[in-house]
Amino acid sequence: MKKSLQLTCLLLYASTGLYAATPKDHFNRAVSFHAAYQDVIKGTVKDETGATLPGVTITIKGAQGGTQSNTSGQYSIAAKTGDVLVFSFIGYQSKEVTVGTQSTLDITLTPDSKNLETVVVTALGVKRSEKSLTYNTQQVSGEELSKVKSPNLMNSLNGKVAGLTISPSASGVGGSAKVILRGSRSVSGNNQPLYVIDGVPISNNGNANGQQNSIFGGGQDGGDGISNLNPDDVASITVLEGASAAALYGSQAQNGVILITTKQGKSGKAEIGFSSGVTIDNIAYEPKFQNSYGPASATTRDSWGSGISNTTDNLKDFFKTGVNTSNAINLSGGSEMAQTYFSYSNTYASGIQPGNKLNRNNLNLRETAKFFNNKLTVDGSVNYINQKINNSPSLGLYLNPLLGLYLFPRGVDITPYKDQYLLAGNEGAARQNWLGGPADINQNPWWLTNLNPNTSTRNRYLLSGSIKYDVAPWLNIQVRGNMDRTTDDYENRRYAGIATNFNSTATGYLSQSNQTYVQKYADAIANFTIPMTGSDFKVNGLIGGSINDQKTSGLSLAGNLSATDFFSPANTIVAQPGTFPGNTLTNVVPVIPNHSQLQAVFGNANISYKDWAFLTVTGRNDWSSNLSYTPNDSYFYPSVGLSFIVSQMFKLPEAITYAKIRGTYAEVGNTVPPYLTFIQNTLKADGALLFNTNKAFRELMPERTKSFEIGTDLRFLSNRINFSFTYYKTNTRNQYIPVIAPPSSLVSTGYLNAGNVQNKGFQFILGADVLKGQGLNWNTSINGSLNRNKIIDIASADKINSIDLTGAGNTSYISRLQVGGSYGDIYGYTLQRDAQNRIILGGDGSTASPYVPLKSTDFNYIGNPNPKFQLGWNNSFNYKDFSLSFLVDGKFGGQVLSLTEALMDEAGVSEATGIARNQGGVKIDGVDTKGNEVSATINPQSYYSFVGGRGGVSGEYIYSATVVRLREAALGYTLPLTGKTFKSIKFSVTGRNLFYFYKKAPFDPELTMSTGNGLSGVDVFNQPATRSLGFNLNVSF
Amino acid sequence: MSAVLLASLMALNFGCTKNFEDFNTNPNSLSPSQSDALLKSAIGPIEQEIFHNYQIAQNLSADAFSGYMMAPNPFGGINNMNYSLNNGWNSAGFNDQYNYVMAPISKIGQSMVKTKSPEAWGISLLVQVMAMSRVTDKFGPIPYTTAGSSLVSTPYESQKAVYDAFFRHIDTAANNLQAYMTANPGKASFFGVGDLVYAGDPAKWLKLANSLRLRLAMRIVKADPSTAKLQGEKALSAPGGLLTTVADNAAVAQSGTRDNDLWVVTVAYDGDNALGAALQTYLVGYNDPRLPVYAKPATDPLFTGQYIGIRSGANTSFNGLGKAGYKTYSSLNSTDAAKSPIGQKAPQILMTAAEVWFLKAEAALRGWTGAGNAQTNYETGITTSLQQWNVTAGNYLADATSKQTAYADPKNAANNAAAVSTITIKWDPAATNEQNLERIITQKWLAIFPDGQEAWSEYRRTGYPKLFTVASNNSGGTINTQTQIRRLPYPSTEYGNGNKDEVHKAVALLGGPDNGGTRLWWDVDKANF
C-alpha cells in the first residue's frame, strides 16, 4: 500500500523539485534528502590524460539525488562529512570517494578497461556495446549538432558523417533537406532514411504540397518532418548506414536509419538550461551580370540593345538580410526513481526574400520513472510542435520572383516597380505594374512576394510511451507505442493582377489544403540473455513484433474567385462545370490519400565467444497491406554479421590499443506504394468517368536490397588516434518501377518489379587527439566517402532500359535512369558535333543563311550531379575556457546544370553575353554540314537565343559540381564559474557556409530544387545559398 | 511469459491482415458498379482528347505543313517548321492518341456498353478511327488492331492493313447504328448529351460514318484504286446518307473551362501561332469573303491593317526579330468566341459537309457510281463552306481571273516568293481532270480550315493546293525542299522502349528510311489520273 502511494507521488516530486527550494511531498512535509549541516563540495573531474570530463554523474551513496559535471568538468554537490560520493561515467570505472574535511575534491577517472566499452544505441533503441557490432555506425553528439545551429536539424549533420550526402532545399527558411546514405537506390520510391526517436519511428512527411516535379515548379517546398524538431532536445544522433544496421526496422529502413536520442531528465539536482542565439544570413554569391548593354527598347524585357554607361544592382534592392533567432529553455531534474525533462523552444527566422518567415514553437515533456525495485521502467513523452511558414519562395520558372529580378533589363532602374507594384486603378493583369506587363515566367518580384502570399501551418503531436519490465535477471519485456499526428494547413492567395495563366478570370485565385497524417506504431519486445555461467559463450537477443499504421487524409480546394480579391472558399468559382448539363461539382477534392499498414515479427540473436568474437543473426517477416490482393504480402528477410576484436585475440604491438574487423550481410524487403494492386477508375474534375488505364505487368511483389559490408575499427596510442574504414556494396532488386509502357500497349503506366541498382564504395573516419592534456587541446577528424552508383538493369526482361525521373515537358532537362548510367544522370540537348567532336554549323555563311550551330535532335547525357568523393575535416580546439571549432568539407566531382544562366543568356543580361558582344560575336571553329572546316563569328543575340532559354542547348550550361567550403566555425568562451546560481555560461560566435575555397558553378551545387528523386543537379532560379553569422549564449543553472 | 508474448504476437499478425484489402482500396476511386453507372459520361472527354497536346501534336507540324499557319515564335530557331524535326513534339502526335483515345475506348470495349448498347460502341469506334487515322497519316505503319495485344512489344501493321481495319470498324459502327435506329426510332444513343459531337444523335453519327468512309477511301485512291472505288461507292450509296448541310457538321464542343486549342495556342500563348503565307496569298488573291473570318489584319506599325502572314520555315529569329517581331503579322481571327474558327469556345471541327461535297466532286471526276455531277458538287462545296462561316458568295463562284498572289515579307526579303499557283475559282468544264482536281482540292483546302491535319494529308496525296516551299530546310538532306515533308519520324521512345524490335520491322513496312522524306503507302509518287 505504502509503495503504491509512493508511486503516485513520484511525478509530483519530480516537478515540484524544480521550483521549491525545499522539496516537499504531496502531504506537504519537508522531505529531507540531505543532512541539515551539509557543505558544498566542489571539484573538477578529469580523465587519465588530464582532459576534463563533462557529464559525469555524481551521487551520494545511499541517498537520492545527485548532480553532473558541467562542460568544463566542474561539479558542486552538497554533502556532509562521511558521505560517499560516487562518480560514474559511461566507459569509465566508477570511483567512490568519502568526503572528509576538504571542500574541494578533484577526481581522475580511468577507462573501464583497456578496451573502451562504448555503448551504442542500435535498431529498436537497443543499447549494445560498440565492439559487439558487426556493422558501421556513427554518432554525433547533441553538443556537436547545436554548436552552429541551423533551422533544419539535418543541415547540422552536413559534412560530419561519412557516407551521408545532404542537399538542402533552395527554398528559404523552413525548407527541407535531401538526405541520402550511401547513394540512392530506389528508382521510384523513397531514398531517404527512416527517422527514429528514442527507438520508435516518426514520419518525415511534408505538407500536401510535397516537392516540385518539373522545372516549371511554381509550388513551394512542403517542408519535411525532421526539421520540426528542436535541436536542443537532441542528446545524440546515431547514423545506421547500412541495410544490416537497419535490418530489424524492416522496409522503411532500407535506406538506413537516423536514430535520434532525446534528452531526458537526470537524477540529481534540478537543472535549468537556457540557450539563445541569433544568426544573420546574407546571400553568399550573385549571378554575374553584364553592365554594358541595355534593352532593345523602353518596353522590352531584354538587354540586347545599345550600350549603357550606368550600372544597376537590382539584387540589392530585393534581397534582405535574413535573421534567425532561437531561444530554448529546458528544465530537468528528478531522483533516481523518476526524472523529468521539460523544454520549450522558439525559432523565429526571416529569410532573404521579402516576407519569408518561419515561426516555430516546440514543447517537450518527458517523464521517466522506475518502480518495483527498479524492475519496471515507464517512460513517456509528449511533444507539441507548432510551426508557421510565411511566403516560402516558389521554386522553378513559375511564380518565382527571381526571374523578373535577374532578367530585368540592365541599366534600367527597377525601384519604381518596387515602390509601386500594384496599379490599383486597373483591372486584371494590368493591375501588376511591370515593364512590358506580367508574363507566365516573368513577373514583378515585389508583386509576387506581396500579392501572391502563401502560409503553411503545421501542428504536430508526438506522443510516446514505453513500459519495460524486468521479469528475471535474464529477461525483460518491453511494450512501446507512439502516435505521430501532423496537421498541415496551407493557403495560397493570388490577387487579381497575376499573369493570366495563373488566374484566367483575372479576379484572384485561392488554393487551400488541409491534410492530416497519422502514424501509429507499437511494438512488443522480449530481450533475453541466456544464463551460461562459466561458459566462454554468451548469448543474448530479442524477439518481438510490431505494427505500423500510416494514414493520410484531407481536402484541398482551388479555384478562381467570383468577387475580386475576396479570399473565401465560398467565393471560388466551380472549376469545371461538367460535360453533362446539371452535374453538380465542387472545387474541393481529397488530397492524395494513403493508408498503409505494416505488421512484423522479428528476432535477433547475438552470440559472443570470450568477448572477442561476435556473431549476430536477425530475421524479420513483414506483412504489408500495400501488397494485399496478391499472394506476396508476407515476406521474410535475414541478416548475419560477424566481428572479431583482434586486439583481444592476439597480442598486438603496444601502439595498437584496439583492433576490430567486422563483416555483415543483410537483406531488407520493401513493399510497394498503396492502391496499386486493385485498379479502379476515378472521376475527372468535371464529373466524367476517367478510365484508369494503368496495369501491373505481373503480380507485384516486395523489392529487396541485398547489402554487404566489411570494415575495421582501429585505435592507436591509448585511443588518441582512431580509424574506421568500411567497404560496402548494395544491390536493390525487384524494385517497384512504374514504367511508361509503349503507348500501343494501351496501358499508360505499367507496374512491375525489376531493376538492379548498385551502390558500392567505401567510407572512413580518421580522428586524433593531436594535443591533449594541460593547456591546448586539439581534436581533429577527417571523414571521407566514395560512392559509385550503377544502374545495372531497369527492366530488361520487358525491354525497358531507361526511365525518366523528371520528364522534359518542353524544356531541355531530363533526369533519367539509363542502364549503364547512374542515379541522377542529367540528359539535355547538345550541339551537333562530328566524329572529331567539331561543332557542326548549319547555313552557308551568306547573309541570307548565316552559319548557325545545330541542336541535337534528341536528348543526350550531359552530366551527373552526385559527388564522386566527399571529405569532411572537423577540428576543435580548447584552450582553458576558450573553444574553437571549424569544419571544412568538400564534395568532389559531378556536374550540375544551370538553367538560370541559360535564361539570363537568352535575355542578354549575363556577363557572358556582354563579353561576346564586346568581342564582336561568338567565334566558333567548326565544320559545315558538308564537313568543310569553317570559322564563324555568330551574332551574339542569335547564338544565345539559340543555346539559351529553357529549351535551348542545355549541354552548354553544365558546370563542375566540385565545391570546397568552410561550412562551420564556432568560437566559444565559457565563463569560469563555480558559483551556486549559475553552473555555466558560455558565449559563442558562429558562422555557417562562410567561405567557398573552390566553386566553379554559378550557384551552390549542393542546393536542390527538390528533395525528391528527380530534379537533382539543376538550378532554375534557386534562391542563392546564404552565409550565416551568429551569436549564441548558453546558460545552465 | 515470453511464450505468451510470442503467442500474442503471432495472433496479432495472423489475425489482423484480414483488413488489408480494405486498407489498400483507394477511397477516392470508384467501385466497379459506380464506374458502370458513369459510363455515359466517358465519351465526351475522349472526343476532346483527339486534340490532346494540340500545339506539339498538330499545330507545330500539320497546321504549318498545310500552309495554313506558321509560328512567330522561333522555338530556338531550328525546329519542325524548317524541317529539323523535334522528336519531343512529334511523339505527342503518336503517343497521345493511344493513351488518351484508344486506351479508354478499349475500356469501353471491355464494359457492358459493347454488348448492351452496340450503337454507343459504334460511336466509340468512329471516335477511335478519327483519332487513329490522324496517327497513321502522320507516321505510316502503326500498331492498330494489334494495339493492346502486348504490354511490351506490339507489332506494327502496314498502312494498308490499318486502312482495311478502319473500313471494318466503320462497317461495325454503321451496322450497329442502323440497327439501333430501326429498333429505337428517334431515340438518342446511350451516350446521350455526354457525346460532345452530336449529343447522341444516331442519325448524324451514321452520316459521319459514311462520310468518314468516303474520306478514307479517297485517301487511298492512288495506292489501292479498287478498294478505294469499292469503299467510296459504298459510302456514296450507304443508307443514312452523307453529311450534306452545315447542320450535319461534326465538331467537338468545348465544355467547362476547356478552350479551343487553336485559341489557346494563338491567343493565350500570346502569338505562338499566326497566319501562314500560303493561306494569306490564296485568300487575298481570290478576294475570298472568308478572309476576315479566318484571319485578322496585321498590327505591326510597318504594315498595320494589311493581311500579311508568315512563310513556312521562315527564319523568325532573323535580325533579332523573334516572336516579338513576328507576332504582329496577321494572325487568326478569334473575335467571336462561338463563331470564329478559333474562337475561345468554338467547337473543334472533325469533318464538315463542305468537305464531303468536295470529296464527291473528286469522286465524280473519277467516275465513281453515285457521285453525281462534279461541277454541282464543287459549287455546293463552296457555298456550304460560305454558309458555314456566315458570309455571302457575291461573285465568287463566277470569278475566272483571280489567282493566288505573290508573297512579300516586309521584314525579311529572303522570305519573298512568287505565286506558285495559277488556278482560278470558276469551274471550267473544258479543263483537264488534273486542272479541275487542283481547283477542287484548292477550294477544299480553303473550306476545311483550320483542320491542318486533313489539309496536309490531302496536299501530300494530290500535290494541291500548290504551296510555297519552306524558306529554310534544316533536315540535313533527308527532306527534299521541292517535294516537301511527307511524314513524321517515329518517336525515339519507340526505339527506346520495349517496342524497339517492332519499330525496326515497321521501317521495313514503310519502305524507306524513318525520316520526313519517305512517302506513306497512300502517297504514291505518280500522276493523279
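**Around α11(A).** I started at the end of helix α11 of chain A, where A:G949 follows with a positive phi, near 80°. This is a predicted model, so I keep in mind that local features need pLDDT of at least 70. At the other end, A:N939 caps the N-terminal end of α11(A). I noted the cap distance: a side-chain oxygen of A:N939 lies 2.8 Å from the backbone nitrogen of A:Q941.

Next I asked which residues of α11 (residues 940–947) in chain A are buried. I found A:P940, A:Y943, A:Y944, A:F946 and A:V947. Down the axis of α11(A), these buried residues fall within an arc of 160°, so they line one face of the helix.

**Over to α10(A).** Here I have A:T913, A:G914, A:A916 and A:R917 as buried. They cover an arc of only 160° around the axis, which puts them on the same side of α10(A). The cover over the buried residues of α10(A) includes α9, β47 and α11 of chain A. Just after α10(A), I noted A:G920 with a positive phi of about 85°.

**Positive phi without glycine.** Most residues other than glycine have a negative phi, and most peptide bonds are trans, so I went looking for exceptions. A:N373 has a positive phi near 55° and is not a glycine. A:N373 sits in the loop between β20 (357–371) and β21 (376–390) of chain A, and I have it as exposed, with a relative accessible area of 66%. A:D565 is a non-glycine residue with positive phi, near 55°, in the loop between β25 and β26 (588–590) of chain A.

**Cis peptides in chain B.** B:F449 and B:P450 are joined by a cis peptide bond with omega about 5°. I placed B:P450 in the loop between α19 (433–448) and α20 (452–462) of chain B. The bond from B:Y464 to B:P465 is cis too, with omega near -10°, and B:P465 lies in the loop between α20 and α21 (492–496) of chain B.

**A:N452.** Is A:N452 buried or exposed? I get buried, since its relative accessible area is 5% and the cut-off for buried is under 20%. A:N452 is in the loop between α7 (445–451) and β22 (454–472) of chain A. Its side chain makes a polar contact with the side chain of A:N492 at 3.0 Å. Beyond its sequence neighbours up to four places away, A:N452 also touches residues including A:W447, A:R493 and A:I498.

**The largest cavity.** I counted 14 cavities of 30 Å³ or more, and the largest has a volume of about 590 Å³. Of the 35 residues lining the largest cavity, A:S150, A:P151, A:N155, A:P168 and A:T1026 are the closest to its centre. By class, I logged that lining as eight nonpolar, 19 polar and eight charged residues. Strands β17 (268–283), β50 (963–975), β51 (984–999) and β53 (1026–1036) of chain A each supply at least two of the lining residues.

Conventions
Residues are numbered from 1 along each chain as its sequence is written. Chains are lettered from A and ligands numbered from 1 in the order in which they are written. Side-chain values use heavy atoms; hydrogens and water are left out. On a 1 Å grid over the protein atoms alone, a cavity is a set of points where a 1.4 Å probe fits but cannot get out, and a pocket is an open set with protein on both sides within 12 Å along at least five of seven lines; lining residues have an atom within 4 Å of a point. Grid points are joined across faces, edges and corners, and a volume is the space filled by probe spheres set on the points. Helices (H or I, at least four residues) and strands (E, at least two) are DSSP runs, numbered from the N terminus. Ala, Val, Leu, Ile, Met, Phe, Trp, Tyr, Cys and Pro count as nonpolar, Asp, Glu, Lys and Arg as charged, and the others, Gly among them, as polar. Buried means under 20% relative accessible area, exposed over 50%, partly exposed in between (1.4 Å probe, protein chains only). The arc is that of the directions from the helix axis to the C-beta atoms. A polar contact is a pair of N or O atoms within 3.5 Å; within protein, one must be able to donate a hydrogen and the other to accept it, and residues adjacent in sequence count only if both atoms are side-chain atoms. Contact means heavy atoms within 4.5 Å.
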